[in-house]
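Student: I would like to learn how to read a fold from its coordinates, beginning with the whole chain and ending with a single residue. Could we go through it step by step?

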Amino acid sequence: GQIKALIQSVWRFPPSAKHDQVVLLRIFMVPTGEVTDVQLVESSGNTALDRSAEQAVWRVAKFPVPEDASLFEKQFRNFLFQLKPENALL
């Protein structure tokens, strides 16, 4: 929940974005919560929207992660994250 809120707070999607478009990213982090890579897994079909989603993750740059090393490795080292511009135009 915190990761989604942080990304949503800095995400500036393009005017061409539609509310039903979805971007699927894979986010890679180190144990400090710093982002080391962001990969586009599934495009929304809107290149500008895809790029804006990736940029939002880089803008946050560091996320809160659990101190438990095994939990971090299982769930946070790299994970899929779906972004949808719910407040975009129809």
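Student: Among contacts in the protein chain between residues at least 6 apart in sequence, what percentage join residues at least 24 apart?

Tutor: Bear in mind that this is a predicted model. Of the contacts between residues at least 6 apart in sequence, 71% join residues at least 24 apart. The elements behind this picture are three helices and three strands, which follow the pattern α-β-β-α-α-β along the sequence.

Student: How compact is the protein chain?

Tutor: The radius of gyration is 13 Å, close to the 12 Å that the globule rule gives for 90 residues, so the protein chain is as compact as a globular protein of that length. Buried residues make up 34% of the 90 residues.

Student: How should I read the packing of α1 and α2?

Tutor: Two packed helices are described by the angle between their axes and the distance between the axes. Here the axes of α1 (residues 2-10) and α2 come within 8 Å and cross at roughly 110 degrees, and the two helices are therefore roughly perpendicular to each other. Leu6, Ile7 and Val10 of α1 make the contact with Ala56, Val57, Arg59 and Val60 of α2; by class, this contact has six nonpolar, no polar and one charged residues.

How values were computed. Residues numbered from 1 in each chain as written. Predicted model: local features only at pLDDT ≥ 70, side-chain atom pairs only at ≥ 80, totals over all residues. Heavy atoms only, no water. Axes fitted to C-alpha atoms, helices over the stretch in contact; angles between N-to-C directions. Helix = DSSP H or I, 4+ residues; strand = E, 2+ residues; numbered from the N terminus. Parallel < 35°, antiparallel > 145°, perpendicular 65-115°, else oblique. Contact = heavy atoms within 4.5 Å. Nonpolar A, V, L, I, M, F, W, Y, C, P; charged D, E, K, R; others polar. Rg over C-alpha atoms; globule rule 2.2 N^0.38 Å. Buried < 20%, exposed > 50% of the residue type's maximum accessible area, 1.4 Å probe, protein only.
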